[in-house]
Amino acid sequence: MTTLHAELGASSSQRWMNCPGSVRLSRGMPNISSKDARIGSCAHAVGEKCLTSGADAITFLGEEIAEYDDIEIDEEMCESVQVYLDAVRGAIKTYADAGFTDHIFSIEQRLDLSYVYPEMFGTADAVIYFPAWKRLAVFDYKNGWYAVSVERNTQAMYYAVGALVGKHNWPIREVELVIVQPRTGQNTQIKRWECDPVDLLDFIGDLQTAARATERDDAPLAVGKWCHFCPARPKCPALQQRVEDLAMAEFNIDGAIKTPEPAAMPLDRLKLAWENAMIIEDWIKGVKEYAHQQAIAGNILPGCKLVEGRSRRRWKDSEGVVDSLKALQATGDLSEDIYLQKLKSPAQIETDLGKKQKHLIENLWEKGQGSLSLVPEEDERPKAKAEAISEFS
């Protein structure tokens, strides 16, 4: 599954709508795909295959997708994708149970918004239209840990605008935006927001205003959480200045950086540094990624070199390997123990048992305590229980 990205696309809308200058600054910069991004893309590919075929995510456990053969489809990914599948299928079932079986279902649908502004387009994970109710449901699956709000979410609204007026021109009375984030916590896995089609028409004006701002020669730069995936991080003067200010660093002529000890910082300054730590990390990460890309291109930094890391062995041809191992077994060179399988996971056993019988093993498994993260109070996730904090302490 190869995804094209527009300069004024949906996934980057929060960035270019808040930082118009990032569009011009990003031109010509390599858009480096991190390992986390590839894991997310692989999870999206699993979700697409499941929605297309009707399968559950667990059927892909341990499998490989050609485009992401470096990514392991593990149990955590399968469980996360299944939350998304259940949300989409649940919406269809809810209306079917109410007697409205007629619906139009689009998976990984490219939406054209060029009527809003030239070369605007995006690809929605899942869009469902219920003609009888004139209801539009837009689903956006996010595999990352960073929780986002669904209310007035620019990416989800961008997709909804594309479905509302663009290709289909459906008559719509109700709009529901759904963001599925399985890895952010049980209470924030599925977030929904209903809005009026008029809200989307107003949003079109916001898109046009922001898009025009990006074309200005003096388009401003603004630092914020949208910097995280910006290709221009390594050379953004606004981000560099913010990093210097936040870290309270003094850059000497020799390039050395002086920073105060965290223990010597008053709490208000420590809180400021903590709140903006992601911005500092983003800048550092951007510099490292760009330096690596330059080295691959032959522009190696003075005093540096490229080295080869450790690689894992893997079978060249899984089917051929099985045949070869069976031949070795027939000659007595290998015992049958080679075929002993490790204990299947709870999710695999539940799949074998089926939904009606999976309760038979519910007392045989447990979930470990999740790791603790420090987040702002406005974060939607519930506060950790005292016993969980005590356990980690």
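Contact here means heavy atoms within 4.5 Å, and that rule is a handy way into this structure. Leaving aside its neighbours within four places in sequence, Leu-113 is in contact with Met-120, Phe-121, Tyr-158, Val-161, Gly-162 and Leu-207. The model is a predicted one, in which local features need pLDDT of at least 70 and side-chain atom pairs count only at pLDDT 80 or more, while totals for chains, interfaces and linings use all residues. Residues are numbered from 1 along each chain as its sequence is written, and side-chain values use heavy atoms, with hydrogens and water left out.

Let's take the overall view. The chain has 12 helices and seven strands; these are DSSP runs numbered from the N terminus, with helices being H or I of at least four residues and strands E of at least two. Of its 393 residues, 37% are buried, where buried means under 20% relative accessible area, exposed means over 50%, and partly exposed lies in between (1.4 Å probe, protein chains only). Among contacts with a separation of 6 or more, 66% are between residues 24 or more positions apart.

Now to the interior. A nonpolar core is a set of buried Ala, Val, Leu, Ile, Met, Phe, Trp, Tyr and Cys residues joined through side-chain atoms within 4.5 Å. The largest one holds 36 residues, and the members that touch the most others are Trp-16, Leu-113, Met-120, Tyr-158, Leu-177, Leu-200 and Leu-207. At least two residues each come from strand 2 (121-130), strand 3 (135-141), helix 5 (154-166), strand 4 (174-180), strand 5 (190-195) and helix 6 (197-214). Helix 5 gives the largest share, eight residues. A second, separate core has 34 residues, including Ala-45, Ala-57, Ile-92 and Ile-128.

Asn-153 is buried, at 11% relative accessible area. Beyond its neighbours within four places in sequence, Asn-153 is in contact with Val-148 and Ile-179.

What about the cysteines? A disulfide is a covalent bond between the sulfur atoms of two cysteines; here the test is a pair of cysteine sulfur atoms within 2.5 Å. By this rule the count is zero. Cys-19 is in no disulfide, and the nearest cysteine sulfur, that of Cys-236, is 6.1 Å away. Cys-19 is also buried, with a relative accessible area of 4%. Cys-50 is buried too, at 0%, and its sulfur lies 7.9 Å from the closest cysteine sulfur, in Cys-78, which is too far for a bond.

On a 1 Å grid over the protein atoms alone, a cavity is a set of points where a 1.4 Å probe fits but cannot get out, and lining residues have an atom within 4 Å of a point. There is one cavity of 30 Å³ or more, and the largest cavity contains about 90 Å³ of space, a volume being the space filled by probe spheres set on the points, which are joined across faces, edges and corners. Of its 13 lining residues, Cys-19, Ser-22, Cys-227, Cys-230 and Cys-236 are the closest to the centre.

Met-278 is partly exposed, with a relative accessible area of 33%. Not counting residues up to four places away in sequence, Met-278 touches Tyr-146 and His-228. Met-278 and His-228 are 50 residues apart in sequence, with 7.7 Å between their C-alpha atoms.

How values were computed. 1 Å grid on protein atoms, 1.4 Å probe; cavity = no way out; pocket = protein on both sides within 12 Å on 5 of 7 lines; lining within 4 Å.
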